[in-house]
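Open the model in your viewer and keep the selection panel at hand.

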Amino acid sequence: MDKELLITILELIAKYGLTAVISILKMFKKEEITQADILALNDLVKDPESYIPKEE
Amino acid sequence: MKNIFKFLLVVPIITMLLIGCSGFLSNTYKTMYTVGIAYDAGMRSIGDLYSKGKLTKDQLDQVLAIASKVKKAYSTGVATLSAYETVDSSENQDKLKVAIDELTKLWGDLKSLLILFIPSIDSLELEKISSNIDGLIIKANYAIYKGVI
């Protein structure tokens, strides 16, 4: 396996955990992309403001 | 934490290496998926940094301004990809290429900004993440050994 790829995967594991990374790897193995897969992309990118904790 | 940000730099590499020779639709989907994952990770980290006081309001506003553009371009990308999946025409393909070019450009701008703010992260967090990675390497190896991946 390419060294940079391995580093990237490990960094993703550190951020998201093993389960999420497995799902990413499975995504790359996908052979057929459906309309539902495409529309689900919108769930990945949330409104920027939603990541910022509200000040009290 | 710095290690986490490093993947923002190399995320496109994972796309290049894993995409292989699949079709335009599949390649575009996978590119958008990795950009989506990287955006989400980057913005979560920005939220963490801001809540810990390691990011100024001005820096935050800079990130939010570009992130809003990325979000808009991403939605456009999803809509054009959806249209292309429905009707595989050269017109839809051209529209999709334009949308992806715009998204890639804006993502590059956001990524540069995120990386610029890395020096504000302290070494203690870096060590914590490094030790987490060590533990996760063992789990990842086990998963590969068991054939989960």
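**Stop 1: a helix pair**

Select helix 2 and helix 3 of chain B: they cross in a left-handed sense. Left-handed means that the near helix is turned anticlockwise from the far one by less than a right angle; clockwise would be right-handed. Helices here are DSSP runs of H or I with at least four residues, strands are runs of E with at least two, and both are numbered from the N terminus.

This is a predicted model, where local features need pLDDT of at least 70, side-chain atom pairs count only at pLDDT 80 or more, and totals for chains, interfaces and linings use all residues. Residues are numbered from 1 along each chain as its sequence is written, while chains are lettered from A and ligands numbered from 1 in the order in which they are written.

The two axes of helix 2 and helix 3 of chain B come within 11 Å and cross at roughly 160 degrees. Axes are lines fitted to C-alpha atoms, for helices over the stretch in contact, with angles from 0 to 180 degrees between N-to-C directions. The pair is therefore roughly antiparallel, a label for angles over 145 degrees.

Now show the contact residues (C-beta atoms, placed from the backbone, within 7 Å). Helix 2 of chain B contributes residues including B:Y39, B:M43 and B:I46. From helix 3 of chain B, pick B:V70, B:Y74 and B:L81, among others.

**Stop 2: along helix 2**

Check the length of helix 2 of chain B. Its 28 residues should span 40 Å at 1.5 Å a residue, and its end C-alpha atoms are 40 Å apart, which agrees. The expected span is 1.5 Å times one less than the number of residues. After helix 2 of chain B comes B:G53, with a positive phi near 75 degrees.

**Stop 3: the core**

Which residues have the most contacts inside the largest nonpolar core? Select B:I46, B:V70, B:L81 and B:L103; the core has 34 residues. Such a core joins buried Ala, Val, Leu, Ile, Met, Phe, Trp, Tyr and Cys residues through C-beta atoms within 7 Å. Buried means 20 or more other C-beta atoms within 10 Å of a residue's own. Helix 2 of chain B gives the largest share, 12 residues.

Centre on B:V70. Leaving out residues up to four places away in sequence, B:V70 touches B:Y39, B:L106, B:W107 and B:L110.

**Stop 4: helix 4**

Buried residues of helix 4 of chain B include B:L103, B:L106, B:W107 and B:K111.

**Stop 5: zoom out**

Chain B has 5 helices and 0 strands. Chain A has 3 helices and 0 strands.

Terms used. Buried ≥ 20, exposed ≤ 12 C-beta atoms within 10 Å, placed from the backbone. Contact = placed C-beta atoms within 7 Å. Parallel < 35°, antiparallel > 145°, perpendicular 65-115°, else oblique.
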